[in-house]
Amino acid sequence: MNDHRALLQEALQEAKTGLREGGLPIGSALADRAGRVVARGHNLRVQTGDPTAHAETVCIRNAGRRRDWHELTLVSTLSPCIMCTGTALLYRIPRVIVGENRNFLGAEDLFRSRGVELVVVDDPECIQLMAEFVRQHPDLWNEDIGL
């Protein structure tokens, strides 16, 4: 599976859904070895009041019980935080595609130290979407990242 940008578009659609719902514009997708999306999710922290409802954890939850975690690829529009990184590591997801890490640099070193293949796309649309949100809603952003 080499089409990182197509998978990132799936996550971006989730991010835009989250924004339309009044939440944070962070989206995620899980794809199998053939590149088929098996689950999607977006940050639902604002919508549900659940502080753990980050895009990646929601996506992994939406995937349900599986036995093929070690063959999946996790895609996120934003560099995953330590909680989401830990969840991906717990399920031994071997590949992570990140849309951008300029607005927030997550636990990428932890992924690398555990042998996870990490691809940072540095996507302009992901960067702009998050930067505009942070600028327009600093209170929600700071609450989400614990400031």
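**Ground rules.** I am working from a predicted model, where local features need pLDDT of at least 70, side-chain atom pairs count only at pLDDT 80 or more, and totals for chains, interfaces and linings use all residues. Residues are numbered from 1 along each chain as its sequence is written, and side-chain values use heavy atoms, with hydrogens and water left out.

**Sheet.** I looked up the strand order first. I found an open sheet of five strands, ordered β2-β1-β3-β4-β5, with mixed pairing. Strands (E, at least two residues) and helices (H or I, at least four) are DSSP runs numbered from the N terminus. Pairing requires at least two DSSP bridges between two strands. β2 (37-42) and β5 (117-120) are the edge strands; each has a single partner, so one side of each lacks a neighbour in the sheet. The twist averages 15° from one strand to the next.

I then checked one pair. β1 (residues 27-31) and β3 (residues 73-78) run antiparallel over four bridges. A31 sits opposite T73 of β3.

**Helices on the sheet.** I noted that α1 (residues 4-20) packs on the sheet and touches β1, β2, β3, β4 (95-100) and β5. Contact means heavy atoms within 4.5 Å. The direction of α1 makes about 35° with that of β2. α3 (residues 55-63) also packs on the sheet, touching β1, β2 and β3, at about 140° to β2. Axes are lines fitted to C-alpha atoms, for helices over the stretch in contact; angles run from 0 to 180 degrees between N-to-C directions.

**Helix pair.** I looked up α3 against α4 (residues 82-90). Their axes come within 8 Å and cross at roughly 30°. That makes α3 roughly parallel to α4 (angles under 35 degrees count as roughly parallel, over 145 as roughly antiparallel, 65 to 115 as roughly perpendicular, the rest as oblique). E56, T57 and I60 of α3 meet M83, C84, T87 and A88 of α4.

**Cavity.** I found one cavity of 30 Å³ or more. A cavity is a set of points on a 1 Å grid over the protein atoms alone where a 1.4 Å probe fits but cannot get out; lining residues have an atom within 4 Å of a point. L12, A15, P25, T77, L78, E100, C126, L129 and M130 line the largest cavity. The largest share, three residues, comes from α6.

Key. 1 Å grid on protein atoms, 1.4 Å probe; cavity = no way out; pocket = protein on both sides within 12 Å on 5 of 7 lines; lining within 4 Å. Points joined across faces, edges and corners; volume = space filled by probe spheres on them.
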